[in-house]
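Please look over the sequence and the 3D view before reading on.

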Amino acid sequence: MRLHIGIDDTDSAKGGCTTYIAALLVEKLSRMRLRFIDYPNIIRLNPNVPYKTRGNAAVALRLEASESEYVKVREVSIQTVEEYGRIGEEGTDPAIVFLRGKPPSAVARLSRKALTEIVSVHDAIVTLRNVSGSAVFYGSGLGLVGSLAAVGNTLEGDHTYELIAYRRPRNLGKPRRVDEESIIRMDRLTSPSTFNNYDPLNKRILIKPHGPDPVLIGLRGETPRAVYRAFRLLRFREAIERWVIFRTNHGTDAHFRPTTQRTPHANSPVVLKGVVHKMPTRISGGHVFCELETSSGTVQCAAFEPTGKFKEVVARLIPGDHVTVFGGAKQHDQLPMTVNLEKLIIEHLSEDGVALNPRCPRCDKRMKSAGRGQGFRCPRCGYLSSKTSKRFVKRERNLLPGLYVPDKKAHRHLTKPLSRYGLKRGGGTGIYLRALGIGLDPYGSGLSKQRGYWTFTAGGW
Ligand SMILES: [Zn+2]
């Protein structure tokens with residue numbers, strides 16, 4: 001019997017990490033000789049939910065378990081969440097969902113909704129009851145939404161992989177010690193089969209988080225092999241407690257789909273076609289605002305300072321430019337609905353230029369108007385002409401039509417990076433997985449002292 005376990009909202013601002021709990025559980029369940037039917041999944045949900053902790057991610061584990069094993073799995077899962085979840089801390093409302101068999105379409109629907117809207121706890125409970133799932137939750141039960149959404153998203157379409165290595169408890173809260181040069185070198189050697197390791201424009205390392213959580217590094221890539229190879233290229237200056245490869249919707253634009261809303265609703269992703277309406281403005285802090293005329297009225301768009309070169313592209317737009325924008329709609333007090341831009345397609349650039357007075361044919365000085373309907377007079381030699389008129393002088397736009405995304409450092413987890421466009425997604429269907437147990441090391445590379453889960457796709461490589 002197939003068993004899906006969804007876990008969400010176990011971390012708080014002070015620490016913890018739901019993926020870490022998943023890593024512990026993968027080990028515990030593997031020791032019980034249970035067979036996994038997929039990599040552990042990290043499912044990112046609607047990034048615009050206001051109460052999310054950091055990236056709004058939930059996890060799902062999928063395995064084969066008999067009726068008697070199920071009882072044990074349930075017990076171990078609850079125990080692990082209770083031991084490692086930050087239960088009782090502010091804003092932490094953990095939940096674990098158990099679902100047997102193939103996730104029914106109602107759960108898949110709820111998952112899709114959770115990517116682009118706000119799903120209520122009530123909706124999650126009703127769905128769970130209708131499909132005979134079971135759940136354990138703490139606090140407000142908010143974690144039920146993510147847990148159930150994770151279970152229902154089996155990543156049928158585009159997906160990527162993330163290898164996450166975790167720190168020893170004694171290092172928590174201290175700076176993460178990974179040799180930076182080795183990260184930059186790894187990026188050069190493995191890109192584009194890995195992505196968002198390093199932002200060369202801002203000289204920023206992207207694989208290391210900064211918070212008190214136990215994640216040492218997270219490496220993203222197209223295949224399990226790619227992220228493992230990248231991992232092996234790094235030089236670590238602190239001990240790794242364990243590592244796991246997850247399958248995920250990172251970097252897939254899963255929140256921008258044909259079904260994504262075409263009119264802005266607060267706290268939801270939106271895709272809008274429009275024409276630039278006014279010259280963009282820059283406010284203190286470096287944020288750039290731009291107004292679009294769209295089929296649903298005038299919409300304010302914002303490119304924030306951290307988006308780097310992207311906001312400079314937005315600043316170069318002029319009235320008349322045709323664009324499609326992708327972003328998250330936000331409603332702030334006493335401000336119009338604003339779309340925080342995550343992506344921009346410039347479809348058509350309008351002509352920029354100025355109407356200038358003609359030059360004097362005798363001395364080449366720019367002439368001045370001699371009065372309404374009177375033509376132009378040269379201020380230097382006095383030449384007067386009623387036959388000349390203003391000339392439209394085209395100005396270089398210094399901008400090309402095309403797709404623009406923020407600098408890598410400002411990418412959201414779901415943002416599809418430029419390097420992934422045009423890649424042929426491999427291993428998308430029919431993958432299966434084996435969790436091969438603690439310490440397995442396919443490359444004979446001396447990593448065997450760490451606990452790691454090595455998994456692979458059918459067809460080999
Ligand atoms: Zn003149």
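## The zinc site

The residues that donate to the zinc ion follow the sequence spacing C-x2-C-x14-C-x2-C. They are Cys360, Cys363, Cys378 and Cys381, each through its SG atom, at 2.3 to 2.4 Å. Donors are N, O and S atoms within 2.8 Å of the metal (3.2 Å for Na, K and Ca), and water is not among the atoms, so sites may look incomplete.

The angles among the four donor atoms run from 100 to 126 degrees, and the site is tetrahedral (four donors with all angles between 85 and 135 degrees). Cys378 counts as buried because its relative accessibility is 2%, whereas Cys381, at 34%, counts as partly exposed. Buried means under 20% relative accessible area, exposed over 50%, and partly exposed in between, with a 1.4 Å probe and protein chains only.

## Basis of the model

The model is predicted: local features need pLDDT of at least 70, side-chain atom pairs count only at pLDDT 80 or more, and totals for chains, interfaces and linings use all residues. Residues are numbered from 1 along each chain as its sequence is written, and side-chain values use heavy atoms, with hydrogens and water left out.

## The protein chain

The protein chain has eight helices and 25 strands, taken as DSSP runs (helices H or I, at least four residues; strands E, at least two). Its C-alpha trace spans about 100 × 50 × 40 Å along the principal axes. Of the 461 residues in the protein chain, 52% are buried.

Among contacts (heavy atoms within 4.5 Å) with a separation of 6 or more, 71% join residues 24 or more positions apart.

How values were computed
Tetrahedral: all angles 85-135°; square planar, octahedral: opposite > 155°, others 65-115°.
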